[in-house]
Every structure is written in structure tokens, then in C-alpha cells.
Amino acid sequence: MSTTPNMPRNPLSRRAARFEESVIRGMTRLCAQHGGINLSQGFPGFDPPPEVVDAARDALRGSHHQYSITWGGGGGG
């Protein structure tokens, strides 16, 4: 593989290199390593019930289809 002048050999920036493994990915890795049952992410082997598909379709057509604010909210104390 040839390198271009002024191009870093490691494509990750210093900032990106500090990212840690996500909890879900870590649990999936450990589960596979130890032959466990992975409850951290699902891969169902069946289709969802039609009413669930309809509810998801209706929700996506609505205006509330974004992640909520993660740092909390509200005006309480």
C-alpha cells in the first residue's frame, strides 16, 4: 500500500482514537466469548405482529420521531 505525502498512516484522529467501546458492543463481545445468551441487542427470528408494524408506521408518519434530549429537561427542581 502506498502512502500519499502529508497523509497520516493512522486514519483515526487523536480525538476519535479516545472513543471507548459502547456498552452494547461490549456485552455482545463478552456474550460471544463466553457462549452466553445476548440480551443486549435483539435479532428476532420472527416477524413482529401486524399491529406493532402498523403502530410503528403511524409513529413514523407523525411529528414525534426524534430522539429525546439526553440531558434531561423539565423545569422542576
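In the predicted model, the elements of the protein follow the order α-α-α from the N terminus on. The protein has three helices and zero strands.

The accessible surface of the protein amounts to about 8,000 Å². Carbon and sulfur atoms account for 58% of this surface. Of the 77 residues in the protein, 3% are buried.

Two salt bridges are present in the structure. One of them joins the side chains of R29 and E21, with a distance of 3.0 Å from N to O. Both partners fall between the limits for buried and exposed residues, which are under 20% and over 50% relative accessible area. R29 has a relative accessible area of 42% and is therefore partly exposed. E21, at 41% relative accessibility, is likewise counted as partly exposed.

The other salt bridge links D54 with R57, and their closest N and O atoms are 2.9 Å apart. The relative accessible area of D54 is 36%, so D54 is classed as partly exposed. R57 is also partly exposed, with a relative accessibility of 36%.

Note on methods: Residues numbered from 1 in each chain as written. Predicted model: local features only at pLDDT ≥ 70, side-chain atom pairs only at ≥ 80, totals over all residues. Heavy atoms only, no water. Helix = DSSP H or I, 4+ residues; strand = E, 2+ residues; numbered from the N terminus. Buried < 20%, exposed > 50% of the residue type's maximum accessible area, 1.4 Å probe, protein only. Areas by Shrake-Rupley, 256 points an atom, 1.4 Å probe, with all protein chains shown as cover. Salt bridge = Lys/Arg side-chain N within 4 Å of Asp/Glu carboxyl O.
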